[in-house]
Amino acid sequence: MTREPATRPAPAPVPRHTRRRALRRLPLHAAAALTVALCLFPVYWMVSTAFKPSPDIQSYDPRPIPRSWTLEHFRTAVGADGFALFWRNSLLVTLGAVLLALVVALGAAYAVARMRWRGRRQFMLAVFIAQMAPWESLIIPVYIIARDTNMLDRLPTLTLVYFMITLPFTLVVLRGFIAGIPPELEEAAQVDGCTRTGAFRRVALPLLAPGLMATSLFGFITAWNEFTYANFLIIKQQDSRTLPVWLSSFQSTFGTDWGATMAASTLFALPVLIVFLVLQRHVTSGLTAGGVKG
C-alpha cells in the first residue's frame, strides 16, 4: 500500500496593512542603505588602494575592484623607520588619557549624581560649556603653556591634553549612568555593613560596566585619531611623534607614496576597529543609559 505524499499547507497571505507598512518604510531603508554606502566607500577605497600595485594607483582609469593584489605597500609601511616606536607612543598616550579620564570622571560623576552640594548645577553647566568648546581654538593657549613650562616635545603633555579633551564627555555620560542606578541598592549594602565606598565598589561599579565601555571607546577613538595637538606640541623631538603625524611622512622624491600611506592608514585603523568589535555590545546600552536625567 503506497502512502500518498503529504501536501504542504499553502502559505498564509501577507496582510494588506503589513505590505503598506513595508512600502512606507522602504524610503527609510533606502536612505539608510545610501548613508551606509557613502560612509563606508572611503574606507573601502583606502583598503583597496592599500592592496593595489603602484601602477594601478596612479592609473587614469581607477577601478573599484583591483585587478591584482599585492602586500608590498604593507611591507613598506611596517618596515618604515619608527613604525613600532610611533605605534607604541600612540598606544601609551591613548591608554593613559582614557584611564586618567575614567578615574577622575568616575569620582566627579558620583559626587554630582549622588551628593547634594552648593554649586552642583553650575559645575555641570561649566562641564557642558567645556564639552561644546571647539578644542582647535585652544591650540595657541595650550602651546604657550606647554612652552613656558618646558613641556613641549613630551608624551605626558599629549596625555594631559587628550585627558582634557575626553574628560567632559566621560563625566556627562557616567553621571547619567550613575543617576540611573537606584540608590536603594547602595543603601541596602550599607545596612548590611558596607561602607559607602565598599557599597559603591561592590554594588554600583559592576552595574557601570556598559557606561565605562562606552566612554572608553569614545576616549580611545578621540585620542587615537587626534592629529592637530600632536603636530603642534611635538616639534623637535621626532621620537615622540604619534601615528597620525607619522602618516604624513610617506614622502619620496616623486611625491607621496599613496600605496604605503593607505596601507599605514589601514593598519592605523585596526586598533579602533578591534576595540569597537570587543566593546560593541556594551556601547549602545551605555550611551542610552548615560542619557538618563538625574
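**Figure 1. Overall fold of the protein.** In this predicted model, the protein comprises 13 helices and two strands. Of its 294 residues, 36% count as buried. Among contacts with a separation of 6 or more, 74% are made by residues 24 or more positions apart. The protein exposes about 18500 Å², of which carbon and sulfur atoms supply 66%. Two salt bridges are present in the structure; the following views show each pair.

**Figure 2. The salt bridge between arginine 75 and glutamate 72.** The closest N and O atoms of arginine 75 and glutamate 72 are 3.1 Å apart. Both residues belong to helix H3, which spans residues 72–79. Three residues separate their positions in the chain, about one turn of the helix. Arginine 75 has a relative accessible area of 51% and is therefore classed as exposed, the threshold for that class being over 50%. Glutamate 72, at 41% relative accessibility, counts as partly exposed.

**Figure 3. The salt bridge between arginine 147 and aspartate 148.** Here the closest N and O atoms, contributed by arginine 147 and aspartate 148, lie 3.2 Å apart. Arginine 147 is partly exposed, its relative accessible area being 45%. Aspartate 148 reaches a relative accessible area of 55% and is therefore exposed. Side chains of opposite charge can pair when their charged atoms come close.

Conventions. Residues numbered from 1 in each chain as written. Predicted model: local features only at pLDDT ≥ 70, side-chain atom pairs only at ≥ 80, totals over all residues. Heavy atoms only, no water. Helix = DSSP H or I, 4+ residues; strand = E, 2+ residues; numbered from the N terminus. Buried < 20%, exposed > 50% of the residue type's maximum accessible area, 1.4 Å probe, protein only. Contact = heavy atoms within 4.5 Å. Areas by Shrake-Rupley, 256 points an atom, 1.4 Å probe, with all protein chains shown as cover. Salt bridge = Lys/Arg side-chain N within 4 Å of Asp/Glu carboxyl O.
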